Amino acid sequence: MKPILEVQNISKKYRIQHLSGGYLSLRERMVNALKFEKNNVEDFWALNDVSFSVNPGESVGIIGRNGAGKSTLLKVLSKITPPTSGSIVSRGRVASLLEVGTGFHPELTGRENIYFNGSLLGMKRFEIDSKFDEIVDFSGVEKFLDTPLKHFSSGMQLRLAFAVAAFLEPEILIIDEVLAVGDAEFQKKCLGKMEDVSKSGRTILFVSHQLGMVGQLCKNALLLDRGKIVCQGEVNEIINVYTNSYATSNTFVSKAIDMGKSYIIQQVQSLNNFSQVTSNFAHNEEIVLEIVFLATQLLRNTHLMVSVNNRNGQRVFSSDKALDHVKLEMNLPTTVRITIPKTTLTPGNYTFFVALHCPNTMGYDVADNICPISIYDNGSEFVQYENKWFYGDVYVSCKWEFKSEINAS
Amino acid sequence: MAEPVEYVIESGGHKLFQWKELWRYRELFYFFTWRDVKIKYKQTALGFLWAVLQPLFMMLIFTFFFGKALNIPSQNLPYPVYVFSGLLVWNMFSTGLTNASNSMVNNASIIKKIYFPRLIIPVSSILVALFDFLMAFVLFVMLLLYYQQPLSWMAIILWPAGLIITVIAALGMGSWLAALNVKYRDFRYVIPFLVQVLFFLTPVIYPVSMLKYPLLQYVLACSPMYAAIELFRMPLTGLYPDTTLLTISLASGLILLVIGLVYFKRTEDFFADFA
């Protein structure tokens, strides 16, 4: 099977001009020509020797930090801007959705905008005619079809824009971050529609910062960094590489060790399953918290407490352990590993609270808001609500029972 | 429907116009024109009437000042007929040129997000001017009937010819300026000035024969609009324009068209980066 898209050694160079505004003016050109000094122009490689190929029906996620070259890659693939070198062979109709509602005009009515936008996206007039009712139905704005767009709420405009895009039927669909907007319910509808598209054998290239969405929609992914492909492969592996690449050290080290304390927390850090120090975890990954402490005195009824704080600093849950039956050596560091089971915490940012204390009496050493970690979604059942709706800090597996009342009269 | 499309995207390599591709996107010409015509008269009480009122008032003003007050000769035509026939063609040109020159910048947000042959934009913006022309043309015919102006049968050929030359002139200069405008926004300020200068250099409100120096006539003939207006008026006046002057004007129109289109094509790849 021939790949539907073959990208060979694509590079894209931009020239950055310092000290000038966004665009050239003749005056600047002339002044620069008169000056004998070299133009203060710097070359910037937005894409640097990128090669990959995509098979028909494959859905590929493109991830990377801001400025990694994702959007430039999509622009080159959709012929908006030519590559500086390299070539792309494409074996199918390409439609790109770099923005929803491109060409929407506030003075045109909903109906008129559907036609104009659809035709811009590459639909033929008869195609729009035949899908018109479905588009309107999908958008849910049929009441306002003959109202100028400027009287639409922004949500309605978005729905209309998505609806047109949802009915594109190209062989290759290129999507840039467009699903990041819109309300949860509508987003779910779009995601479902896109899954249908990929199931129907069409090829999707998808850029998003919402890793959960990439995980759900794509089988494969490639990771870009500073214009180069870092790695490509199975989507969850790539997401893992990506999140670990910017994981910062979150190790907490006690600054001034006060030897007057009976118990001293020396170091706290979070580890993944492979005992690597990291601050990024997938929601379905175990989180190991490693605490190193020192006892200068062995006191009765001492407990070690660990709590998780959510993004607002509220306690999510705590785990407390009496140390009376734990064998400790005085003045020698003790290492404790506490494992939080996978799928406990929902995606988001958390910090820890660690305390060595005597319950309700005194705290020997306390460290709060330490060891920040972030948990990302790589395809949970809540992915559709990502960044849309706060569904709590913990996952709970509930028992559901349904009963239908049968009228036995 | 789903014919296999295989294409290669490469750097550089300016092929000339890909007519096949333009043909594939033919519906976009219609949609862009349709959109601009709709937008132009949205939320106006008089709507399309403006396309007629503007040249009408212009004609009245010119008739009063130049026809009555200054008594400018008008090749044996009633001055209103003379000036309106000129304005009709001239407005088509000036609106088309202005629209086309600003069209790429005005549609920058679309250019940056979606691919289609870029030439569609300036061409459609000239087609919008054609719409205004047709509206004003109706008024022109009424004016001819009012003055019971004799008309040569040659109008069937010469009017469309004049119109085609006008479109060529607007497209040549318009696509050139549109491309330049993307890169250097200075041209945004040059365009109205240029249109104004060309207006006085073109025999819209006065005949070239008024000029005392023949050399000056040759200079004026360099404007492609000279031929358009002279040919358009010929069926009315029955006067044959000077063949040399006509040839110069036609040649300049064609040269400008080639320069404009080639420059547009050579820079179009980078519109998305500069817009």
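Modeller: Happy to! A residue is buried under 20% relative accessible area, exposed over 50% and partly exposed in between (1.4 Å probe, protein chains only). This is a predicted model, where local features need pLDDT of at least 70 and side-chain atom pairs count only at pLDDT 80 or more, while totals for chains, interfaces and linings use all residues. Residues are numbered from 1 along each chain as its sequence is written, chains are lettered from A and ligands numbered from 1 in the order in which they are written, and side-chain values use heavy atoms, without hydrogens and water.

Our spot is A:S262, which is buried because its relative accessible area is 11%. You will find A:S262 in chain A, in the loop that runs between β10 (252-253) and β11 (263-271). Helices (H or I, at least four residues) and strands (E, at least two) are DSSP runs, numbered from the N terminus.

What does the side chain of A:S262 make a polar contact with? The partner is the side chain of A:Q297, at 3.1 Å. (A polar contact is a pair of N or O atoms within 3.5 Å; within protein, one must be able to donate a hydrogen and the other to accept it, and residues adjacent in sequence count only if both atoms are side-chain atoms.) Beyond neighbours within four places in sequence, A:S262 touches A:L294, A:A295, A:T296, A:Q297, A:L299 and A:Y364, where contact means heavy atoms within 4.5 Å.

Now look at A:Y263, which belongs to strand β11 of chain A. Its relative accessible area is 1%, so A:Y263 counts as buried. Once neighbours within four places in sequence are set aside, the contacts of A:Y263 include A:F293, A:L298, A:L328, A:L356 and A:D365. The residues A:L294, A:A295, A:T296, A:Q297, A:L299 and A:Y364 are among the contacts of A:Y263 as well.

The side chain of A:Y263 has polar partners too. One of its polar atoms lies 3.0 Å from the backbone nitrogen of A:L299. With the side chain of A:T302, the side chain of A:Y263 forms a polar contact of 3.3 Å.

Let's step back to the whole of chain A. It holds eight helices and 18 strands. Of its 409 residues, 49% are buried. Among contacts in chain A with a separation of 6 or more, 71% link residues 24 or more positions apart.

Another serine is worth a visit. A:S59 sits in strand β3 (residues 59-63) of chain A. With a relative accessible area of 3%, A:S59 is buried. Apart from neighbours within four places in sequence, A:S59 meets A:I204, A:L217, A:C218, A:K219 and A:N220.

Next, some backbone angles. Most residues other than glycine have a negative phi. A:D49, in strand β2 (residues 41-54) of chain A, has a positive phi near 55°. A:D49 is partly exposed, because its relative accessibility is 46%. A:T343 has a positive phi as well, near 45°, and lies in the loop between β16 (334-340) and β17 (348-358) of chain A. Its relative accessible area of 37% makes A:T343 partly exposed.

Chain B lets us look at helices. In chain B, the axes of α7 (residues 155-183) and α11 (residues 243-268) come within 8 Å and cross at roughly 35°. (Axes are lines fitted to C-alpha atoms, for helices over the stretch in contact, with angles from 0 to 180 degrees between N-to-C directions.) The residues that meet include B:I168, B:L171 and B:W176 of α7(B), and B:G253, B:L257 and B:F264 of α11(B).

Leaving out neighbours within four places in sequence, B:G253 contacts B:I168 and B:P224. The C-alpha atoms of B:G253 and B:L70, 183 residues apart along the chain, are separated by 32 Å.
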